[in-house]
Each structure stands twice: as C-alpha cells, then as structure tokens.
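I opened my notebook to look up a few spots in this model. Here is what I checked, entry by entry.

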Amino acid sequence: MRKVLILLFILSLKSFHCIAQQDPEFSQYMYNMSVINPAYATNDVGLVNGGLLYRAQWVGAVGSPNTATAFLRTSLNERVEMGLSIIHDEIGDGALTEDNAYADFAYLLKLDNELFLSLGIKAGLTSFSTRFNDFQLNSGGFSSDPAFAQNINEIFLNFGTGIFLFNDDFYVGLSVPNFLSNRHLQERNGLTALGSEGIHGFLTAGYIFSINENLKFKPSCLVKGVSNAPLSTDVNANFLFNERFEIGASYRWDDSVIGMANFDITENIRIGYSYDYTISNLGNFNSGSHEIILLFNFNISNTRRYSSPRFF
C-alpha cells in the first residue's frame, strides 16, 4: 500500500492533472449535514445544535486518511440561522494536511405551516500543507526528486452555497460547499504541479416513516459528484426505537457495506458509531473504516424547554 500512496503523491506533484473524489467521506452524513450543506437548518429557536465526528478510514493501510469535524449552529430567530464548521483531514500520517474553517448563514422561507425552504451560504479559509521531511520513498530512484524537497504551506479563500427543503418528516438538500477550484500545488523549482481542488456537489434526501409510536423507519441517501470522477452514492436505512436507540445499515455503491448505531446518553446528548467494510479492491489492504460521532443540544432560552430529539 505504501507504493500506491507514493505513486499518488508523484502523480499529483508532477505534470499530470488528476481529478478524483477529494472531499472526505462520512458514513453518518445525516447527522453531519452542516459540513456538507450551509443551508441545513434545524428551526429550533432557543437551541444550539452541535457535534463532533472522527473518522479513521482504511484502518491498517499505510498512510490512510483520518478526518475530524466539528460544527455548531443556532437560530437567531425564526428566519435566520448561523453556524460554524471545522474540518481537519490528513493523509500519510501528516504528510498531507488540510484544515477548513467556515461560517454558515441560512435564511428560512416558510412555504406553509410545516414546510420550510432554507437558502444558505458558507465562506471561510482552507489551509493546505505538506510535510515531506519524514516521508520515506521505497525506491531509490525518487530519493532526490525535487518535488519532495520543499514543504508547502498555503491558505486559500473559498465559499459555497446550498438549498434545503424540509419539514418534520423529510428533507431534500442540494449543495456545493466549495465554489473555487484552488490549485494547491503550483509551479515550484521548474515543475508544473497541478493539485486542483475539484468543485463537489452533494444531493441528500431522507424521510421518516412512523411505523408505530415506538418505531420509526428512516431511509436516506447521499450522492456526491465531482468532474471527471464517478458518482459516489450512499443508500441508508435506519430504524429508531422509542426515540432513543437507532440502528441501521448503508451501502456505498461498489465501495463498502456499512453498519451503524446511535443512542441518547441524555435527552440532549447522543453518541453514534459506524463501521465500513470495504468491498472494493482496497479491501485487500485494510480492515475497514471506523467513525464515531457525538451530538448535543444546548438550551440557551429561559422560556424554551427541550421537547423532542432531532431525527436528522
């Protein structure tokens, strides 16, 4: 697997132009929606919603990706919601690191008594860095490659937008979190290096079927696309018991089978875990991916009591 990672680095640092799925994957995307779509809205006036997520991808593979996210959002009033999101993503034990810090703004339009349309924008900074000091190449032929002679530390501006249609039972969202296709690796030491950040689009949808007062069925899907790469599609089915414990499974097309579960520690705190079993050829080089998420609600209004947990 180390040779595979080395080849990927070489291709991105030299004169090739390679575009692939660059944004991190999330199996529990339905609870990490703020990172994907700035228009994601809760319509919970008086509450602060937040979460932390950590993902260890392709465990056991040398240089496998690790991702951590944090988000916080609240309703300023019945029309406006604000949020903050942070993403830390690294590959190769820190050989390549990307940090994103973004502020979100969402404006809600009330279409009828229960249906809302949210329009959102996000703006912020992306920090991109490489650390080749400790990067060991197996092949002596590349040991003096000038592409690895200098570390890179750069900061870019970016912005994104999205829409989110929802009520208490369903949601549909469409978003582009990064509109600017920044070139992270530019010409250095006579090398033409194209490491462009592709513009990603996300389509999400979900519905809640009340089977009875103690059981709810929650199917959802996520489709992620970027130019010159195949679509990434997740199809999910979760079951919620007594509004406290949830268990389900997902299928990521031609990539992995996923199991997940979450439960309420208290009425305001929920913890969840998912495991991805890789079914592609990469499964020969790793033992799967692990993801843990912590969700919470803070009541900042003296006049509002916490009513029911959010279902998505």
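Before the strand entries, a term I needed: two strands pair if DSSP finds at least two bridges between them. I also kept in mind that this is a predicted model.

**Strand pairing.** I started with strand 15 (residues 289-299), which runs antiparallel to strand 1 (residues 47-56), with 10 bridges joining them. I picked out Leu52 and found Leu294 as its bridge partner in strand 15. Next I turned to strand 14 (residues 269-278), which is joined to strand 15 by eight bridges and is also antiparallel. Here I noted that Arg270 has Leu295 of strand 15 as its bridge partner.

**Nonpolar patch.** Which residues make the nonpolar surface patch of about 670 Å²? I listed Ile211, Phe239, Phe241, Phe245, Ile247, Phe263, Ile265 and Ile269. I saw that strand 11 (232-241) and strand 12 (245-252) each give at least two residues to this patch. I then looked up Phe263, which sits in strand 13 (residues 256-264). Phe263 counts as partly exposed because its relative accessibility is 42%.

**Asp23.** I found Asp23 in the loop between helix 1 (2-13) and helix 2 (33-36). Is Asp23 buried or exposed? I noted a relative accessible area of 18%, so Asp23 is buried. Leaving out residues up to four places away in sequence, I listed its contacts: Asp23 touches Asn178, His200, Phe202 and Lys224. Last, I checked Asp23 against Ile36: they are 13 residues apart in sequence, and their C-alpha atoms are 9.7 Å apart in space.

Definitions and conventions
Residues numbered from 1 in each chain as written. Predicted model: local features only at pLDDT ≥ 70, side-chain atom pairs only at ≥ 80, totals over all residues. Heavy atoms only, no water. Patch = residues over 30% accessible without salt bridge, like charges linked within 9 Å, V, L, I, M, F, W, Y side chains within 5 Å. Areas by Shrake-Rupley, 256 points an atom, 1.4 Å probe, with all protein chains shown as cover. Salt bridge = Lys/Arg side-chain N within 4 Å of Asp/Glu carboxyl O. Helix = DSSP H or I, 4+ residues; strand = E, 2+ residues; numbered from the N terminus. Buried < 20%, exposed > 50% of the residue type's maximum accessible area, 1.4 Å probe, protein only. Contact = heavy atoms within 4.5 Å.
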